[in-house]
Amino acid sequence: MEFYEIKQYKNAIIYLEKAANRGHTEAEFRLGHIYDYGKGVQEDFEKAMLWHMRAAKKNHYDAMASIARLYLTGQGVDRDVEKAMQWYERALEGGSPVAQCGIGSMHREGIGFPQDYTKAAEWYLKAAKQGYVSAQINMGRVYEDGEGVTQDYGVAMEWYQKAADQGNVDAQCRIGVMYENGTGVTRDHQQAMEWFKKSADQGVAAAQFSVGYLYENGNGVKQDYKQAIEWYLMAAYKEFAPAQSKIGNFYKDGTGVEQDYKQAATWYLKAVNQGDLDAAFGVGYLYRYGLGIPKNYPLAKMWYRKAMDGGHPKAQQEYNKLPFYMRL
């Protein structure tokens, strides 16, 4: 089990399979978890279901909760909310924090129950008190957004810290955001960078983007456009649209790289396909002036309008520069 604990999942699988084939219940559950979340292997929900079922038959309550989630999401099985509820109920009998968190999310999303943020928070709290990291993050978000509880950034930070202390990368990123914005803590860009880097170094795209943003703007670090684009590229290759849009900006303006409008267009188009407003504005600008792509007023108008409809601050100004007849 040691390899599993230190997240060396490829090595863990070898030993877990041997133990699971001898009927070791916890090994069966952990194998299910590995295949469920693609830890060191390709995601395989059917294998995840197989191993979770084996563990559940021996009254492993977290395995039951995992089966419930697979039925709820339709991964590896046909989606069936009623079966999901049945498995969650069985798991709750054993006090499974995974099930408590899952039921909380069903209340939050209004799946199987009327939408109820207060009940969602109550269930998340039950799981979070047991140290379940996903529930701790959810409690942080609940207090940060004021969903079902009185908004309290300080309490949100406390829950994020609990999750971060368990090494959770998403919580580390959220703490970075809190320090960057001065939400619940004194604004501190150096602290923000430290937390973003912890998360970014483990491959979280949002954190990689944030590190790039701090380098771009010289917040908490010396301004460094080359470092910025390196971090943006890490996030962009994970299809993180804001990073793709930023790279488009860098190529359009020649910031940290040689100006290249074709590259700008390439990156903007990747981002607009995911609905990024900055990229929509950028594509409109390139079409308006024929930079890297042929000048095309109708397409410029279309992309400017998309950016305007989403509230982009510069889109209206550039839209008004189009020939009058194009704006009719």
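Colleague: Where in the chain is Glu239 found?

Modeller: Glu239 is found in the loop between α14 (225-236) and α15 (241-253). Keep in mind that this is a predicted model.

Colleague: Why does Glu239 count as partly exposed?

Modeller: Its relative accessibility is 47%. Buried needs a value under 20% and exposed needs one over 50%, so at 47% Glu239 counts as partly exposed.

Colleague: Which loop holds Asn59, and what is its phi near?

Modeller: Asn59 lies in the loop between α4 (45-56) and α5 (61-73). Its phi is near 65°, a positive value in a residue other than glycine. With a relative accessible area of 48%, Asn59 falls between the limits of 20% and 50%, so Asn59 is partly exposed.

Colleague: On to cysteines. How many disulfides does a search of the whole structure find?

Modeller: The search finds 0 disulfides.

Colleague: Are Cys101 and Cys173 buried or exposed?

Modeller: Buried means under 20% relative accessible area. Cys101 has 6%, so it is buried. Cys173 has 7%, so it is buried as well.

Colleague: How many aromatic pairs does the count come to?

Modeller: The count comes to 8 aromatic pairs. One of the pairs is Phe281 and Tyr304.

Colleague: Why is the pair of Phe281 and Tyr304 called tilted?

Modeller: The ring centres are 5.8 Å apart, and a pair needs them within 6.5 Å, so the rings do pair. The planes stand at 40°, neither under 30 degrees for stacked nor over 60 for edge-to-face, so the pair is tilted. The pair links distant parts of the chain, with Phe281 in helix α17 (residues 277-289) and Tyr304 in helix α18 (residues 297-309). Both residues are buried.

Colleague: How do you know that the charged end of Lys198 sits over the ring of Trp195?

Modeller: The charged end of Lys198 is 4.0 Å from the ring centre, and the distance limit is 6 Å. The charged end of Lys270 likewise sits over the ring of Trp267, 5.6 Å from its centre.

Key. Residues are numbered from 1 along each chain as its sequence is written. This is a predicted model: local features need pLDDT of at least 70, side-chain atom pairs count only at pLDDT 80 or more; totals for chains, interfaces and linings use all residues. Side-chain values use heavy atoms; hydrogens and water are left out. A disulfide is a pair of cysteine sulfur atoms within 2.5 Å. Buried means under 20% relative accessible area, exposed over 50%, partly exposed in between (1.4 Å probe, protein chains only). Rings of Phe, Tyr and Trp (its six-membered ring) pair if their centres lie within 6.5 Å; planes under 30 degrees apart count as stacked, over 60 as edge-to-face and the rest as tilted. Helices (H or I, at least four residues) and strands (E, at least two) are DSSP runs, numbered from the N terminus. A charge sits over a ring if NZ of Lys or CZ of Arg is within 6 Å of the ring centre and within 35 degrees of the ring normal.
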